[in-house]
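Colleague: I would be grateful for a close look at the nonpolar core and the parts that surround it.

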Amino acid sequence: MATPQPAPESSLQVRRLFAASREKVFRAWTERAALEQWMCRTNPASTTRYLDLDVRPGGKHHLEIRNPNGDVYVQVGTFREIRPYDKIVFTWSWEQTPQGKAKPEEIVETLVTVEFFERGNQTEVLLTHERFPSAPMRDMHQQGWNACFDALEKVLQTLGNN
């Protein structure tokens, strides 16, 4: 029996090398103060606030993003796997968009896997985000993750040692 393969438009990958230890990069993905500085920062003037962040398998994350023009987005999900310094897996879906409660086609639970690889005194992060219902939604998230990684790079420069 053939194993179903995901359609190419249903997933994306972002790979980036950061000048920081795996421990430091992992902390930036799991500590509220650091996450609020870089997660969902496609617009640097936006604010990000975690309403809930329980970083453990089965724990929830609940994120509010406010753009300078007053638009509010709310994102929710559940952590599936946490392997310190190696891997984080969590679900991701939009609960609210600026137009109010997310439309049914926007409430799609996608899956994010973040892997951390030691590369000397640097860390390579491989993010895989899958289960998108369409190529336009995938492309929008690709742009968002690239902007997040740009912001993460700056945060890592200011985050404590390790």
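Modeller: The account below takes the core, then a helix, then the strands.

This is a predicted model, in which local features need pLDDT of at least 70, side-chain atom pairs count only at pLDDT 80 or more, and totals for chains, interfaces and linings use all residues. Residues are numbered from 1 along each chain as its sequence is written, and side-chain values use heavy atoms, with hydrogens and water left out.

A nonpolar core is here a set of buried Ala, Val, Leu, Ile, Met, Phe, Trp, Tyr and Cys residues joined through side-chain atoms within 4.5 Å; buried means under 20% relative accessible area with a 1.4 Å probe, protein chains only. The largest such core has 38 residues, of which W29, W38, M39 and W145 touch the most other members. Helix α3 (residues 135-158) gives the most to this core, namely eight residues; helices are DSSP runs of H or I with at least four residues, and strands are runs of E with at least two, numbered from the N terminus.

Leaving aside residues up to four places away in sequence, W38 touches A28, W29, C148, A151, L152 and V155, where contact means heavy atoms within 4.5 Å. A28 and W29 are also among the buried residues of α1. Because eight of the nine residues of helix α1 (residues 22-30) are buried, this helix is largely enclosed by the rest of the structure.

Strand β8 (residues 122-130) is mostly covered, with seven of its nine residues buried. Strands pair if DSSP finds at least two bridges between them. Strand β1 (residues 11-18) runs antiparallel to β8 and is joined to it by eight bridges, with R16 opposite V125. Strand β7 (residues 110-119) also pairs with β8 in the antiparallel sense, over nine bridges, and T113 has T128 as its bridge partner.

Note on methods:
Buried means under 20% relative accessible area, exposed over 50%, partly exposed in between (1.4 Å probe, protein chains only).
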